[in-house]
Amino acid sequence: MTESGQTEPRPVQPGTLRLFFALWPDGATRDALNRTGKWLHQHWGGRRMRADTLHITLAFLGSTPAAQLDTLVACADTVQSRAFELILNQAGYWRHNRIGWLGANEAPPQHLDLVGTLNTALQAADFPVDARPHVPHVTLLRNTAGGEIPACAPVRWPVSDFVLVKSVTEPEGANYKVIRRWSLDR
């Protein structure tokens, strides 16, 4: 499954990049998310996500012509949003794609503003955007059977920036590289 809920990713065509905008955790947040992934794995099994791949997708772009990278950067340059704290306090799983996740019971207005502003800029530049309501979550497990949802310690995530990420699918899984970072106003 991809960040947008699609099935298997299509092969990246020559001259294209597989891209998405995301919240990228700092070290302490990544460690806390990784501990929660370990906890959920003990209950549900499945395949744990590598700590270096943990993130919250803001906008999934998929296979994008490399020539449009400057336009994407220009879209993100227009985004003005405030820094905020995201509290991830709700574990869950989606049966249809066998994903275990940790999400926010309630998204702060600044998070929804960031997603809305970014999607508006992308749509104005003719990039596809997901029309479904944004559900902030971090995928922690794949191929899990799920089960009773255990209580998890909340993860407090101080969000001070967002990033553009390139995804490269390799035999051992996806590798992500942050291409650019944008600070949020304090």
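Biologist: What do I need to know about the model before we start?
Modeller: It is predicted, so local features need pLDDT of at least 70, side-chain atom pairs count only at pLDDT 80 or more, and totals for chains, interfaces and linings use all residues. Residues are numbered from 1 along each chain as its sequence is written, and side-chain values use heavy atoms, with hydrogens and water left out.

Biologist: Start with α1. How many residues does it have, and how far does it reach?
Modeller: Helix α1 covers residues 27-44, which is 18 residues. From first C-alpha to last it reaches 25 Å, close to the 26 Å expected at 1.5 Å a residue. The expected span is 1.5 Å times one less than the number of residues. Helices here are DSSP runs of H or I with at least four residues, strands are runs of E with at least two, and both are numbered from the N terminus.

Biologist: Which residues of α1 are buried?
Modeller: Thr29, Ala32, Leu33, Thr36, Gly37, Leu40 and Trp44. Buried means under 20% relative accessible area, exposed means over 50%, and partly exposed is in between (1.4 Å probe, protein chains only).

Biologist: Where do they sit around the helix axis?
Modeller: Within an arc of 145° seen down the axis, so they line one face of α1. The arc is taken over the directions from the helix axis to the C-beta atoms.

Biologist: And which residues are exposed on the other side?
Modeller: Ala28, Arg35 and Gln42.

Biologist: What do the buried residues of α1 pack against?
Modeller: Strands β2 (47-48), β4 (84-88), β5 (90-94), β6 (99-103), β7 (137-142) and β8 (155-159). Contact means heavy atoms within 4.5 Å.

Biologist: What follows α1?
Modeller: Glycine 45, with a positive phi near 70°.

Biologist: Switching to charges. How many salt bridges are there?
Modeller: Five. The criterion is a side-chain nitrogen of Lys or Arg within 4 Å of a carboxyl oxygen of Asp or Glu.

Biologist: What does aspartate 77 pair with?
Modeller: Arginine 180, with the closest N and O atoms 3.5 Å apart. Aspartate 77 is in helix α2 (residues 69-77) and arginine 180 is in strand β10 (residues 173-183), 103 residues apart. Aspartate 77 is partly exposed at 42% relative accessibility. Arginine 180 is partly exposed too, at 35%.

Biologist: What about glutamate 85?
Modeller: Its side chain meets arginine 156 in a salt bridge at 3.3 Å, N to O. Glutamate 85 lies in β4 and arginine 156 in β8, so the pair ties together parts 71 residues apart in sequence. Glutamate 85 is partly exposed at 39%, while arginine 156 is exposed at 51%.

Biologist: Which residue meets arginine 181?
Modeller: Aspartate 161, at 3.0 Å, N to O. Arginine 181 is in β10 and aspartate 161 is in β9 (residues 161-170), 20 residues apart. Aspartate 161 is buried, with a relative accessible area of 14%. Arginine 181 is partly exposed at 43%.

Biologist: Back to backbone angles. What is phi at aspartate 126?
Modeller: Near 70°, a positive value in a residue other than glycine. Aspartate 126 lies in the loop between α3 (109-124) and β7. It is exposed, at 72% relative accessible area.

Biologist: And where is asparagine 143?
Modeller: In the loop between β7 and β8. Asparagine 143 has a positive phi of about 55° although it is not a glycine. At 48% relative accessible area, asparagine 143 is partly exposed.
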